[in-house]
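The notes after the display are grouped by topic.

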Amino acid sequence: MAAVEEKVSPHIVLFPFLAHGHVPAFLRLADLLRARRPGLEVTLVSTPRILGTLSLPPSSSSPPLRLHALPFSPADHGLPPGADSLADIQVHQFIAFFQASESLRPAFEEFLSGITSSRSPVCVVSDAFFGWTADVARARGTSHAVFLPGGAFGNAVFFSVWEHLPHARTAADEFPLLPDFPSVVLHRTQIPRYMLPATGADPWSAFFRRVAASCRDTGALLVNTVRELEPSGLDMLRKSFGVRTWPIGPVLAAPAPSDDDAGIIQWLDAHPPRSVLYVSFGSQNSINAGQMRVLARGLEASGRPFLWALRPPLGFDAKGGAFRAEWLPAGFEERAARAGTGMLVRGWAPQVRVLSHPCTGAFLTHCGWNSVLESLSRGVPLLGWPLGAEQFFNAKLVVEEWGVCVEVARGNMESSAVGEEEVADAVRTVMGETEKGGEMRRKAAAIARAMADAWEESGGSAAECLEGFLRSVETSVR
């Protein structure tokens, strides 16, 4: 009798970049993988400090998610001690942090060598910023994929701009994205501040061109988007990288209730449905002090209640020190509190819970992809104020193609001017009983349905793509 070949499940190694928006997406991906393949061994790799901050909920999955720490000393690279995440540093330090992150390679090589010597085959799923892991995986005979926590269009444009620097080839304010996507027209104000002076020989260009090259060396791209919502963006990614692409989005974290949220939720409960504007610029960037004052006056002039997750302005330490009164108009916070029309939350707010609350009617956001997905998955339309990275291109998508966003301003440089009446008008347009506001709400609701449908077990595009990816991995390791 012929021997029956025993099926061996792969060991999936997840390696997110050291950034606030990346780690949660990888954690959720771990949950999705283990739910689809009970018994699948999954290890999340990061630095000791980041792993130490994770609060993993109890799981019925067996075996439990494993964590493996790689030693990382940011101070050895001229960064502040303990700066294990982009959220711990200023924007001008980002390139030093990107370069420092590549120092994790020897420790990752040692870790992968250790587990590839065991019986279970391995598949590495890394962040694009750790694309060098494709070489490490190939050298050890393991499969490799890149997971993009961002969207398809935003990433395709972002990497194309870094590779070709179209803004440096013309003095015009508007220009086509040559040579990759000539139908995409960009404006100079949509180029992030650290891209503007790039020459191709600078450290920023060198890093992101290494990242793009690594994405062409991987076996697959997992993308945090919905196939039905970004067909052209996915085509752009395939054209750029020539790799099999699996849209498995939305990959979203569930709301995590906390006793610290009680005051915020109680304040929201006191307002009518769809009446409150939520304002947040994410965990890694901020507007400048002048813009902060203009925004405050615009919010006040709009007459709409608002909840503002407030961080110090650009150039000031977001981790420590008191919030200065001069960063806001005199008496602004007191007037809002007294009238019950505004709540300012210093630092972090429970964003998913806020966006899930029925009183939240719109979200003024930096257009980070997690924020876009979290808002639209709940049918909440957007006001956009992109600040950096691919956020400008995400804004372009949700404004021009999806029709669910009004762009208020761009960037946080001193030259990035915006008026308080522009802010107030945008808020009234999106949140009021206007024709445009109603259309945006209908489109946001349709997008929310498409996102929910993507994870339907029977016929959902994301469910099908994740299953297809897993089968491709299992086939490659037999």
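Helices (H or I, at least four residues) and strands (E, at least two) are DSSP runs, numbered from the N terminus. The model is predicted: local features need pLDDT of at least 70, side-chain atom pairs count only at pLDDT 80 or more, and totals for chains, interfaces and linings use all residues. Residues are numbered from 1 along each chain as its sequence is written, and side-chain values use heavy atoms, with hydrogens and water left out.

**Backbone in the loops**

- Leu-165 lies in the loop between helix H6 (152-164) and E6. Its phi is positive, about 45°, although Leu-165 is not a glycine.
- Leu-165 is buried, with a relative accessible area of 5%; buried means under 20%, exposed over 50%, and partly exposed in between (1.4 Å probe, protein chains only).
- Ala-389, also not a glycine, has a positive phi near 50°. Ala-389 is found in the loop between strand E14 (382-384) and helix H14 (391-401).
- The peptide bond from Leu-178 to Pro-179 is cis, with omega near 0°. Pro-179 sits in the loop between strand E6 (174-177) and strand E7 (181-187).
- Gly-249 and Pro-250 are joined by a cis peptide bond, with omega about 0°. The loop that holds Pro-250 runs between strand E9 (245-247) and helix H9 (262-269).

**Helices H6 and H7**

- H6 and helix H7 (residues 203-217) pack at an angle of about 125°, and their axes are 9 Å apart. Axes are lines fitted to C-alpha atoms, for helices over the stretch in contact, and angles run from 0 to 180 degrees between N-to-C directions.
- H6 and H7 are therefore oblique to each other; angles under 35 degrees count as roughly parallel, over 145 as roughly antiparallel, 65 to 115 as roughly perpendicular, and the rest as oblique.
- In contact (heavy atoms within 4.5 Å), Phe-158, Phe-159, Trp-162, Glu-163 and His-164 in H6 meet residues of H7 including Trp-204, Phe-208, Arg-209 and Arg-216.
- The contact of H6 with H7 has 7 nonpolar, 2 polar and 3 charged residues. Ala, Val, Leu, Ile, Met, Phe, Trp, Tyr, Cys and Pro count as nonpolar, Asp, Glu, Lys and Arg as charged, and the others, Gly among them, as polar.

**The parallel sheet**

- An open sheet of 6 strands runs in the order E12-E11-E10-E13-E14-E15, with parallel pairing; two strands pair if DSSP finds at least two bridges between them.
- Strand E12 (342-346) and strand E15 (405-407) are at the edges with a single partner strand each, so one side of each has no neighbour in the sheet.
- On average, neighbouring strands of this sheet are turned by 20° against each other, direction ignored.
- Strand E11 (residues 306-310) and E12 pair in the parallel sense over 5 bridges. The bridge partner of Leu-310 in E12 is Arg-346.

**Helices on the sheet**

- Helix H10 (residues 289-302) packs on the sheet and touches strand E10 (276-280), E11 and strand E13 (360-365); its direction makes about 165° with that of E11.
- Helix H15 (residues 420-431) packs on the sheet as well, touching E10, E13, E14 and E15, and its direction makes about 155° with that of E14.
- The axes of H10 and H15 come within 7 Å and cross at roughly 45°. That makes H10 oblique to H15.
- Residues of H10, among them Val-294, Leu-295 and Arg-297, meet residues of H15 that include Glu-420, Val-423 and Arg-428. By class, this contact has 7 nonpolar, 2 polar and 4 charged residues.
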